[in-house]
Amino acid sequence: MKNNFLNGLFAFVLLLSVSCNEEEGSSIPMVETQDVTNISYLSATLSGTVISEQGAAVTDKGIFYGTINDEDKMNKARYKGEGDDFSMKISGLKPNVQYYYCAYAYNDNGIAYGEVKSFTTVDYNYITDFDGYQYKTLPIGSQQWMVENLRTTHYNNGDEILTTDIPGKGIGYMENPKYQWVYQGNDDLLNDYGRLYTWYAIVDDRNVCPQGWHVPSIDEYHQLVDYIGGPLAGLTLKENGSDHWGKYNAGSDRYGFSARGAGYRTYDGVWDLLKVVTQFWSATSAGQYTAPVIELGSEGSNVYYRDVTASFGLSVRCVKDE
């Protein structure tokens with residue numbers, strides 16, 4: 001009887017010991033956040049290391065990142081490779097913005113977070129036109145682009161770019177009209193959408209762009225579009241959100257071009273499609289009275305190439321001279 005009791009007690013203690021050892025050896029992982037590398041205008045490389053799986057295999061790991069120091073409000077980027085060390089290039093960031101990030105690792109017992117660290121993306125470059133308007137610029141591929149619409153009222157040599165005495169005055173009867181306008185003559189829209197120019201104004205030898213910059217040819221627009229995604233690059237070129245587009249805009253603005261729905265002005269003085277369409281002049285001539293443009297729409301994902309009457313008022317972006 002005594003031996004049976006002792007044997008049972010020993011078995012119970014042994015079972016309890018095994019159970020406790022298993023619980024202590026199986027817990028959430030240990031993960032460490034590494035320092036950021038390769039910081040640019042729109043991206044950075046974020047890294048982490050799984051220090052220990054803590055007795056249960058890590059099945060998910062990666063990076064949380066965002067502009068708020070709170071894991072619950074951060075974006076999650078999952079790492080799909082193997083190994084304890086992992087690095088991820090995070091794109092689609094904004095220039096000159098502080099971001100917080102931390103590594104994470106998950107096993108069957110839960111999720112572990114590394115230390116929260118921070119970094120600030122590279123600031124925009126800036127250029128200034130004759131009027132003193134300052135523009136943000138960014139490299140996109142091998143080109144350097146203005147990422148705001150042109151606002152100047154003067155050519156590079158100081159000569160004035162004319163406007164009509166009445167904003168809605170028709171100019172269809174004029175030969176080679178060189179004019180600029182704010183949409184509907186409303187100066188409150190200038191900073192958001194820039195000015196609209198006739199093609200004759202933007203190809204004048206006096207140059208509407210800041211020194212060292214020029215209105216792009218249609219081939220230079222093709223180079224931009226091909227670099228960022230081809231015919232469906234409309235999503236990538238457009239600013240996201242509905243502040244300057246319709247409510248169904250799906251723009252990602254991944255490369256920071258930040259196109260906005262600036263609308264246009266017809267040669268007979270009609271203003272149309274603000275927040276719906278934007279068209280950018282190229283410096284290339286298509287015919288006696290037309291010129292090629294690229295067009296983006298609020299709800300579409302395509303980039304359209306069209307020939308537009310040269311007396312229309314359209315938006316202008318400038319590209320840096322090579």
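**Reading a disulfide and a helix**

Author: Cys 209 and Cys 318 form a disulfide (a pair of cysteine sulfur atoms within 2.5 Å), with their sulfur atoms 2.1 Å apart. This is a predicted model, in which local features need pLDDT of at least 70, side-chain atom pairs count only at pLDDT 80 or more, and totals for chains, interfaces and linings use all residues. Residues are numbered from 1 along each chain as its sequence is written, and side-chain values use heavy atoms, with hydrogens and water left out.

Reader: What kind of bond is a disulfide, and which parts of the chain does the pair link?

Author: A disulfide is a covalent bond between the sulfur atoms of two cysteines. Here the pair links distant parts of the chain, 109 residues apart: Cys 209 lies in the loop between α3 (199–202) and β14 (213–214), and Cys 318 in the loop between β19 (304–309) and β20 (319–320). Helices (H or I, at least four residues) and strands (E, at least two) are DSSP runs, numbered from the N terminus.

Reader: Are Cys 209 and Cys 318 buried or exposed?

Author: Both are buried. Buried means under 20% relative accessible area, exposed over 50%, and partly exposed in between (1.4 Å probe, protein chains only).

Reader: Which residues are buried in helix α4?

Author: An α-helix has 3.6 residues a turn, so residues three or four places apart point the same way. In α4 (residues 218–228), the buried residues are Ile 218, Glu 220, Tyr 221, Leu 224, Val 225 and Ile 228. Because they cover an arc of only 160° around the axis (taken from the directions from the helix axis to the C-beta atoms), they are on the same side of α4. Asp 219 and Asp 226, on the other side, are exposed.
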